[in-house]
Amino acid sequence: MSTSYFPDARNVITGDVTIINAGSYHNGRSRDAVKETRVAVQDELVGWIENGDKEEEPKKIIWVTGPAGGGKTAIMGSTAETCQKKGVLACGFFFSSFTGSTNRRFKRCLVPTLAYQLVQHKALRDVGERILSCVEHDPAIFEKQVEVQFDQLLLQPLREGRRGLDWPKVIFIDGLDECQAEEDDDAPRSPQEATRANAADQKEILHALLKAANNPSFPFRIIIASRPEHIIQSFFNNIAPHTTRRIFLDDKYNPDADMLLFLEAKFAEIRREYQLSASWPLSDVKQTLVENASGQFIYVATAMRFIEESSAPPQELLDQVMALRRQDVPANPFAPLDALYTHILNSSAKPLLAARWLSLIFLTPLLEGPESDKKLSARFIQLFLESSPGEASHVFRGLNSLVSIPPTDDHASPYSLFHKSLTDFLGDRSRCGSLYTTDDYELYTTQYLQIWNDKGPATPLSALEKGVFIHQFLEMPPSLRLGLLMEQNFEMYDVAWWVRSQDEPTRHSNCEDPDCHADQVQGLFSYIHSGCNWYRRCRPVCRYTRTEMLKELQKLGWKVPGRLHLLRYRFRYVHWTEIDIWPPSAIRAADISSPEEEP
């Protein structure tokens with residue numbers, strides 16, 4: 001077990017938990033804006049950081065807000081870089097629910113990341129030593145509430161540290177609305193429960209930040225950026241109005257001028273690459289694009305990524321964008337963006353399948369992988385989803401302006417979106433129309449069963465790569481719909497192979513998570529019964545699968561339920577965590593007896 005704290009590495013480990021992610025720093029997230037854009041907002045923020053104490057009513061917090069696609073993250077990143085060059089940046093965290101490590105979604109990584117950056121800050125060596133001392137004294141600090149972590153890891157060291165004239169002045173917290181509550185695998189939440197849990201975590205962070213800002217020992221100003229979600233807006237309106245100043249990204253900050261600068265820079269790059277005339281494109285083209293954007297920077301950024309693609313000459317792609325028309329909903333500010341997203345998705349050879357895949361990858365947790373800090377690679381997802389070799393490249397061709405797709409020789413990097421607004425679009429039937437999908441779980445289950453039946457993906461692989469794929473595949477959970485989709489041809493599935501494959505990793509000392517494989521066995525045993533009625537005989541698919549599972553598990557020395565337990569499972573649905581099935585390694589570790597029957 002690792003016990004080092006804050007090493008000079010991408011991640012910091014305490015115990016077995018990753019708590020630091022370099023991608024959450026201001027310079028760890030890609031941005032489309034060029035330096036000259038959003039100058040008015042950046043100047044206002046930097047001026048407040050440096051001279052806010054001179055205001056008639058000084059505020060310790062600024063909330064930067066505005067609708068999706070308004071350029072909040074670009075502004076926060078550029079301003080943070082400016083502050084770093086000036087020596088006034090203390091630390092920052094950029095939440096993200098759709099790019100990079102999944103740790104960037106969770107509150108547990110916030111305070112440790114801020115503390116790590118303070119430890120690394122040259123002007124805060126005394127404070128850094130006190131932070132390290134706190135962690136050494138209480139390694140469990142990272143498991144405590146956010147407010148307690150703020151107090152012990154930040155406030156106390158800052159209070160006790162020797163204040164210097166060169167101390168930094170500001171902390172950046174971006175994308176707070178993208179902070180998500182971690183989900184317990186044992187009790188999945190409904191969408192409504194997930195929304196409430198996310199709001200609770202966001203509110204907990206806001207209370208901790210407000211408490212810090214109001215503490216005389218806390219020397220930093222705080223800039224928070226988010227969409228104007230109800231819970232966040234309510235907090236600033238009702239709880240922190242006297243501490244907070246807000247910046248709403250509207251026409252006051254002249255976004256149109258910023259977008260024109262951005263477009264000119266991008267068109268200049270295209271002119272150089274394709275040796276086009278200095279008069280290309282006509283000035284009214286840029287003005288039309290800005291008008292279509294309706295203040296949403298993401299529109300011009302997505303349009304330019306589409307035009308920069310090499311799938312066709314740039315003028316042809318530009319003509320396609322210019323030909324798009326607003327939907328018949330003039331009051332919808334997202335209509336131009338929706339039309340652009342629809343056009344790009346329809347440029348795929350299989351638009352609906354592309355939308356289904358994107359929804360499955362980015363709107364559900366099914367393809368996130370077993371480790372919360374590490375997403376499944378794009379290579380694995382391609383192999384999982386493909387029905388024939390090369391299908392992923394065929395389906396995603398033309399979508400590079402929406403999705404960051406790793407090169408073919410990169411077998412480690414995940415898919416990532418350029419902007420969260422695409423998930424908003426895909427998740428709203430009124431916006432994406434015929435591209436809206438509701439069968440994500442059915443698609444996942446169908447692919448899962450196909451790989452199970454074929455004992456591998458549709459794409460031929462070397463023995464080594466196939467072994468790696470099968471290992472990852474076996475860590476993926478069955479779904480509740482599995483029994484329903486197996487019902488017609490259940491005898492074609494080699495249950496014994498699946499059980500043996502789950503058993504094999506648990507017998508190796510280098511298996512990182514043997515419990516994961518026990519979870520999948522328990523899950524399948526439970527889910528296959530979910531469609532049965534207690535007052536009728538179990539369905540054939542349930543009887544066949546459970547019988548084959550128990551037969552093979554007994555051969556392999558697993559602890560299996562006795563007749564009394566099976567009778568209980570017969571008359572009521574039992575959650576997989578209650579299934580009394582354990583591998584030999586767990587039996588030995590817990591000194592569990594393995595009786596065939598209960599007395």
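**Salt bridges in a predicted model**

The structure, a predicted model, holds 28 salt bridges.

Reader: What makes the contact between the side chains of Arg 105 and Glu 368 a salt bridge?

Author: The N to O distance between these two side chains is 2.4 Å, and a salt bridge requires a side-chain nitrogen of Lys or Arg within 4 Å of a carboxyl oxygen of Asp or Glu, so the pair qualifies. The pair links distant parts of the chain, 263 residues apart, with Arg 105 in the loop between β4 and α3 and Glu 368 in the loop between α13 and α14.

Reader: Why is Arg 105 called buried, and why does Glu 368 count as partly exposed?

Author: Arg 105 has a relative accessible area of 8%, which is under 20%, and it is therefore buried. Glu 368 stands at 23%, between the limits of 20% and 50%, and so counts as partly exposed.

Reader: Where do Asp 201 and Lys 107 lie in the chain, and why is Asp 201 called buried?

Author: The side chains of Asp 201 and Lys 107 meet in a salt bridge at 3.2 Å, N to O; Asp 201 lies in helix α6 and Lys 107 in the loop between β4 and α3, 94 residues apart. Asp 201 is called buried because its relative accessible area of 10% is under 20%, whereas Lys 107, at 24%, counts as partly exposed.

Reader: How do you know that Asp 494 and Lys 455 form a salt bridge?

Author: Their closest N and O atoms are 3.4 Å apart, which is within 4 Å, so the pair meets the criterion. The two residues are 39 residues apart, each in a loop.

Terms used: Residues are numbered from 1 along each chain as its sequence is written. This is a predicted model: local features need pLDDT of at least 70, side-chain atom pairs count only at pLDDT 80 or more; totals for chains, interfaces and linings use all residues. Side-chain values use heavy atoms; hydrogens and water are left out. Helices (H or I, at least four residues) and strands (E, at least two) are DSSP runs, numbered from the N terminus. Buried means under 20% relative accessible area, exposed over 50%, partly exposed in between (1.4 Å probe, protein chains only).
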